Each structure stands twice: as structure tokens, then as C-alpha cells.
Amino acid sequence: MSEKIRTIIVEDEELARNLLKSFLKEVENIEVVAECENGFEGVKMINELKPDLVFLDIQMPKITGFEMLELLEHKPHIIFATAYDQYALKAFEYNAADYLLKPYSKVRLNEAIEKVAERIKSEGTESEVADKVSNYPREEYLDRIVVKDRHKINIIPADEVRYIESMDDYVMIYTTGSRHMKQKTMKYFESALDPNNFIRIHRSYIVKVEEINEIQQYEKESYIVILHDKTKLKVSKTGYKNLKEVLNF
Amino acid sequence: MDFKHPFISWPRLAIYYVLFWVFAAVVNILLRWIAYDIPPGTATVEFFAMPFMFAIIGTSIWYVIKFSTLENNSVFRIIISHVIAASIIVLIWLYFGVVFIKLLHPEPEAYIDNRIPINIFMGYAFYMMYIVFFYAVNYYQGFKEKLRNEGKLKGLIKEAELHALKSQINPHFLFNSLNSISSLTMSDPFKAQEMVINLSSLMRYSLKHDQIDKVPFHEELKNNRLYLQIEKVRFGNKLNPLFEVDEDCLEAQIPNMILQPLYENAIKYGVYEATEPVDVVTRCKMKGNMLEVVIYNNYDSSVRSKRGEGIGLRNIRDRLQIIYNNPLLMKVEDNKTDFKVTLAIPQN
């Protein structure tokens, strides 16, 4: 192979990092260009260095490996390395190249690298991670949302979200005192947020139940929701039905 | 202590009691009618006025024995309180008995003159019988309660053991530790060996399945130091265990495997979510008759994890409640920068 696979390691434990590094040292077509101790660093380095391959741990401080993936502008091939087997299914939904269970052998690692090498040959160095992510059905509701505003990563607890507005390919997430853009669909948030707390009231709006101050009829068969801070949001027919269902009126 | 009357908490006993007195009434009335030729009406009035009246008033003797239990009072106190209570109850009994007789008996004056002196003696005799009866009931109830608690405690110990084992084979701990060992075998084989040995000792301790519920504090402490040492190899500088243990605590007694869930929480919610070093501090001292164990760690509250009182903390609270009969021995404080648990373990 002519060109080396440029690789970044994102792993919070030093010993695990060392092990992976020493394994990779002996693999000819791999070049480790950076190592990161957490997801924040990971986002920064991946967007900056645009590697071909990332070794990614899932359970890390601050943000998880999955949350980190959502923040990437550059989408490299991913090999997950984790001690947990319950994320395997989700990892493949994210179009991961492979999923290594710790502790793994060198042989197993080499197999994973083979797969990536083949993918690079057939698909190029960018993978299709993000597209698969958006509509992933979840077994648990979100308790936080990770967003990136310019160069800062913010972690928003789900119960601080006031409402969400759709804006073409993005959504705008309104919290008390600030708002954040995120590249996700309304449909994603409708299914990922706890439906007892968040109601889809319109094609363009999801609102948190506790924020609703008043539901007003303003024309025949059409309604608006007025929030505690006087913000007015349109309610569609289906939205009104959803409101009725959750609020029980 | 449960003051509830056994006739209420144990209705079957009340039914037997009533049946017994009905039976006694029938036998007594028939006997006196047939053998002594006393008209059944008079015999009935007499029976209801005196013995049966005691059957009603006597139920209150339960509260007297509850207030002067054999375990917690001196003999002198018990005797005095029973003499006083007996006199009061006999007096009340006689008063109602006489009223009853005067209202319903065909010859009240003769009956009162002849029978009352002997009835005073009878009253005290009844009283004696009743306290024997109620002490027996009380003892039996206490015995059953103890059996129930022992069963519950055994269940909780099992649960704690199972929890310890489960947490040691969960991927958080076991597989990540094994991965650390895998890494160390290349970079530092001696340390790898040490870690294998530590891991073995820890698992052996939890597999020991002792049914004893209490161990010397130094043993429990040793086990948890081991646990922290293993985690320290993984987390390096991020985990900083600190121990301030007074010498005189070491021989104190503490329930088996009660501390590990606290360290586990400190690591799960503190160390695992941190990028900065986290101090896990253990401070132990004797406070009079109590061993006080304080375990706290700093943590970053901006990383939100839902946390209620998890299985670990609940198990600790339940066990302390059952062993020491006091729900206030565990105190949990969370000020959003530190999470702190204080245990007070009574010593004998």
C-alpha cells in the first residue's frame, strides 16, 4: 500500500492508549497522528487533522464517543474500542468499521484495520457516519444534548431545553438565556426526547410541557401556545391532538 | 417497640379469647344451676358481673406489661408497677361489678356482703394469670419478629454480596482492569503481576460468602483499599484516594461489605466523569460508642447523570436499619461540588 492510514486515538485511559499505540506501532500502514484523552480534544483534533481512521472509546468523561461523533465536521472511519458489548448494535448503526471488545488481541486489531483499509479503497477516506445517526431509535430518552457553538462545546441538560424550532437542515434549541444550533432533524428530537415532557406541537416546534403557560384559540380550529416568557408558538392540528393527549384535557 | 394490642394485630387470638370465655360462662352457669340449684338467670348475672367483667377490663393489662417489660426494667420496678396496676384494675373491676349486680341481681345486698371479699382475692389471682398470659404473647411476638428480621438481614447480605460480585465482573471494572493488565504486561510486567494478585484477592474476599454479618473494620478497610488500588492503576492521577483513619477504629466491628458501594459511586460519578484529579477521602474516628466513617469525593456537577438513591445506598440504609434498628445512621450530603456519605456504626 502506498499511503499510510492517518489515525487518531480517542481514549481516556492512559494504559489502554499505550497498549493500542504499541500494537499500532507494528502495523506498517498506520500512522498515529494524534492521541486525545477525551471527546472535547477528539472533536478539535479530528476536525483539524482530518484523519482517515479514529479509534474511539465510548464511555469517556464529559461526552461519550457517540456524542462526539455528532459534533464532527470531518467524518473519518471509526473503530470503536470498549469494554461494553451492549453498544455494538448502536455502533454499527453509526456505520462503524468495527467494534473491538477490551481486552482485544493484536490479531483481532489487525482484522479491524484490514476492514478499514478495504473501506478506504472502496469508499475513500470519508465515511457516512452522520447520515445514519440522525434517526436512530433509542431505548432510553436523552438526558443531555451536546452542541458546538463555534469553538466551544456545550452540554445542555435535556430539562433545560425550553423549545426547539426547525430551521431547514438544522434545529435551533432554546434554553433559558441562550440558543444553540444543531444539525439534527425534528423527527430525531421528537423520538429522542421524553414524550411526556416534550410535545411536538407543529411541524416546526417541539415544546417542553412545563414551559407552556397558556393555550389560546386565535381562529376557528387553530391555536397558539403562549410560554411563560410570552413567546407565541403556532400549533398545528396534529399538534393540538398531541397536546390534548399529554396534558389530558 | 410495637404497642399495638395483640387482639388487634392478631385477630385469631382475640377469637380464641372470646371462645374461651363463652365456654367458661356456659360451663359455670350450667354447673351452678345443676349442682347448686341456682336459677340460671341469677347465675348468668353473677358470672357476667364478676369473671366476665374481668375478661373485658383485663385486656388492658397488655399495656401494663408493655410498659414494664422483663428485659428493660429492674425486678423491683416491675413488681411495684404491677402491684399498683393490679390494685387500680381490681378497684375498677369491682366498681363496675357492683353496679352491674345492683342493677340486675334479685338480691344484690346479700350477694355483695357475702361475695365481695373473696372477689378481691379473685381479682388479684386473675391479674396474675393475665400477666403470665400477656408476657407469653409478648415473648412469642418478639421471637417471631426476630426471626423475620434475621431472614430479611440474610437476604440483604446476600444482595450486598451479589452486588459486590456483580460490580466486579461488570465491564466497567473487570474488562477494563484486564485491559490495563494486558497493557502492563508489555510495559511493566511486575506491575501487571501485582495487579493480577490484587484482583484475585479482591474477588476472593467477595466470594467468601460468610454468613457472619459483621467483620473487624481493618478487614473491610483492607478490601476497599485493594479495590481503590486496582482502580488507581486504571485512572492514574485522576483517582486520588486519601485515608485518615484513627488507630482505635481498626478493631471496631462493621457490617460486612458495606463500604464498597460508596467507593463504587465515588468512582462512577466522580472519577469516571472527571478530567481533573478527584480526591476520594475516607475519614474514620471513634465518637464515644460509635465508629464514624465519612467518605466523600469532589465531582463535576455540570456533567449530568441522573442519580437517586441507587441500589447500593439503599442496601446500606436497609441493613443499618435492621441490624441497629435506627434509620438515621447513614447521612448523605450533596452540595453539587462534593458528595459525602457519613456512616455511624454503633459498637457494643
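**View 1. Separation of the two domains of chain A.** In this predicted model, the centres of domain 1 and domain 2 of chain A, taken over C-alpha atoms, are separated by 34 Å. The bounds of these domains are 5-133 for domain 1 and 144-247 for domain 2. Contact between them involves six residues of domain 1 of chain A and four residues of domain 2 of chain A. On the side of domain 1 of chain A that touches domain 2 of chain A, at least two residues each are supplied by α2 (39-49) and α3 (65-70) of chain A, and by class this side has four nonpolar, no polar and two charged residues.

**View 2. The contact between chain A and chain B.** Chain B brings 21 residues to this contact, and chain A brings 18 residues. Helix α8 (residues 174-187) of chain B provides ten residues, the largest share of the side of chain B that touches chain A. Sorted by class, that side of chain B consists of eight nonpolar, nine polar and four charged residues.

**View 3. Helix α12 of chain B and its surroundings.** Helix α12 (residues 311-324) of chain B, with 14 residues, reaches 20 Å from its first C-alpha to its last, which is close to the 20 Å expected at 1.5 Å a residue. Its buried residues are G312(B), I316(B), R319(B) and L320(B), and they lie on the same side of α12(B) because they cover an arc of only 100° around the axis. An α-helix has 3.6 residues a turn, so residues three or four places apart point the same way. The elements covering the buried residues of α12(B) include α7 (108-169), β3 (253-255), α11 (260-271) and β6 (330-334) of chain B. Just after α12(B), N325(B) adopts a positive phi of about 55°.

Notes
Residues numbered from 1 in each chain as written. Chains lettered and ligands numbered in written order. Predicted model: local features only at pLDDT ≥ 70, side-chain atom pairs only at ≥ 80, totals over all residues. Domains from an automatic or database assignment. Contact = placed C-beta atoms within 7 Å. Helix = DSSP H or I, 4+ residues; strand = E, 2+ residues; numbered from the N terminus. Nonpolar A, V, L, I, M, F, W, Y, C, P; charged D, E, K, R; others polar. Expected span 1.5 Å × (residues − 1). Buried ≥ 20, exposed ≤ 12 C-beta atoms within 10 Å, placed from the backbone. Arc of directions from axis to C-beta.
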